[in-house]
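Hi everyone, thanks for making time. I'd like to walk you through one chain today, so let's get it on the screen.

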Amino acid sequence: MSGAALGLEIVFVFFLALFLLHRYGDFKKQHRLVIIATLLAWYLCFLIVFILPLDVSTTIYNRCKLAVNSSPAESNGSYVTLAPSKQKCFKPWSYIPDGIMPIFWRVVYWTSQFLTWILLPFMQSYARSGGFSITGKIKTALIENAIYYGTYLLIFGAFLIYVAVNPNFNLQWNQLQTIGIAAANTWGLFLLVLLLGYGLVEIPRSHWNGAKRGYLLMKTYFKAAKLMTEKADAEENLEDIMEEVRKVSESIKYNHPLRKCVDTILKKCPTEYQERMGRNMDDYEDFDERQNSYPSEKSLAKLHKQVIYSVQRHRRTQVQWQILLEQAFYLEDVAKNESSATRQFVHTFHSQESENKIIQYFYTPTVEWYWECLLRPWFYRVLAVVLATFSVVVVWSECTFFSTKPVLSLFAVFIQLAEKTYNYIYIEMACFLTIFFLSICVYSTVFRIRVFNYYYLASHHQTDAYSLLFSGMLFCRLTPPLCLNFLGLTHMDATISHKNTQPTAYTSIMGSMRVLSFVADGFYIYYPMLVVILCIATYFSLGTRCLNLLGFQQFMGDSEMTSDLIDEGKELIRREKRKRQRQEEGENRRREWKERYGNRDDSTRSRAVHTDQKESSFSETSANRSLSKYTRSNGRTERDRIELLQDAEPLDFNADSVNDDPLESDSGR
């Protein structure tokens, strides 16, 4: 089993990152380099979280071996036995051989740092650039990142000057490396505490509110009103941009040097706009440089950038509106089915997507009713209580992890108790649950936050390239300080525990933070205590209230603006519901008519054709045409007379041919 657990987790984490990226990104439309870079960033960050518990268990076993080697001992198979107390040091099932973890962490850490500080910022500017060539996009990206890179070089230079002026330090390569790591971790820890303080409160509260059906329905109405405003704004913005594209397309003809740039812009437009512009374009006219003023390539690049952004935003709002409608209809169905006497869940609208037959077999309407109306609210309440308990433990440990005598951090207490009995399964499970909960609090906040329309992770393949790359940057910057904070909570970091013991392989590649004593003994220890203030602010929704005061409408139960938006969203949902009901009723009527009268109409039509053929043959052999005409007309069925009336063409009205005296017409006839 040596190294097998490491290999399994590497494969599992890869598919987990691939699944999440497929949910938010679009593999078909987005550039391959964007997909690969984002996947690599997410994969490395998730990998650190999953592999770190194995590093902890391996370090505890190595400490046991060192303790045995320093005292009389004897070896017995897969464990080492202490001679005085006969204590056994069992090798963990997930033991990783010496020398593998330091190399593994070094590759993972420095690759993630290269991504977050150099490659991903450059790719962000490259992806948002409106250039028409690779060289133009690279030039734009370098110009935009010049200030970005200069700022971080300035920060690194400040740390470097501090160490150079201090006479207690001699500048060496390892110390320079440690200074760079300390600078990156300081920036990441600053952002980590902000996101962690929000997630520790919001995640349990969101699950508790998930058990309140009325609350969820009201919030959905509120979202519908806001999304409709955003959707209308996106449609209006797209119309304005398409009008500019139309004017440019009409002014720049087929033989203009910039026509290739215009064609590139047209390819990014929606299909209906492309067809409309293609019909109105006359490519037979030559351009005259003296008569018309044409846009420059720089202005076309700016227009290209606006087209990409507006089309992506319009598509995203359309998809989100349909998803929100389905969610609102489903919540209304749940509220309606709660009082059902049959205890079978009845949907107002059938699902447009075909469900799996296995799911349909087990997830029957009765099972769905019990889950949605009875079990799910209680499940969410129990889960919210468990998550709230974890949050309280994390807040307590963040405020007391610097205390070693006595040990006040609860996570450190649990790990030390398991370390005495060398229960590696318990150690790995405790470490995994702890760091997994911390990661969920931080990463979920990254997925939830929205910086206007510049950064927004939207599910169902609606996230743009800029937001995907930005999320990869945040993950790579947040994960290393998150892991160091976890090791501090469990007292596995020698800087916190103040013990002369073997450090973990992850801590060893970070170097000794004693090079910067004010960071190691001050910022890393006391700054995480601010999580208490942030949790209190999140609990009382201070951020939401501030955004409301600034004019950004947020969901608040005691606000008049919220009530107005809820009423507006409720009316929008009711309107869309009536519209969809009329569509389904029309489709059902057409389907029933086709099933009921489709075959009869075909047989009736064939009989009518056969009868007409017989009548025409009879008219050819008849001597008296007028008599046969009246005989045929009397023998027709009622349906044939109706068809003759429908097929009769109206006479054209001609004022010159109309006579006032009917006798003149008779005499003329």
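This is a predicted model: local features need pLDDT of at least 70, side-chain atom pairs count only at pLDDT 80 or more; totals for chains, interfaces and linings use all residues.

Residues are numbered from 1 along each chain as its sequence is written, and side-chain values use heavy atoms, with hydrogens and water left out.

The chain has 23 helices and five strands; these are DSSP runs, H or I of at least four residues for helices and E of at least two for strands, numbered from the N terminus. Of its 669 residues, 40% are buried, meaning under 20% relative accessible area, with exposed over 50% and partly exposed in between (1.4 Å probe, protein chains only).

Now the backbone. The K405 to P406 peptide bond is cis, with omega near 0 degrees, and P406 lies in the loop between α11 (365-400) and α12 (410-421). Is Y422 buried or exposed? Buried, because its relative accessible area is 16%. H491, in the loop between α14 (465-489) and α15 (494-497), has phi near 60 degrees and is buried at 7%.

Lastly, R575 sits in helix α20 (residues 560-621) and counts as partly exposed, since its relative accessibility is 45%.
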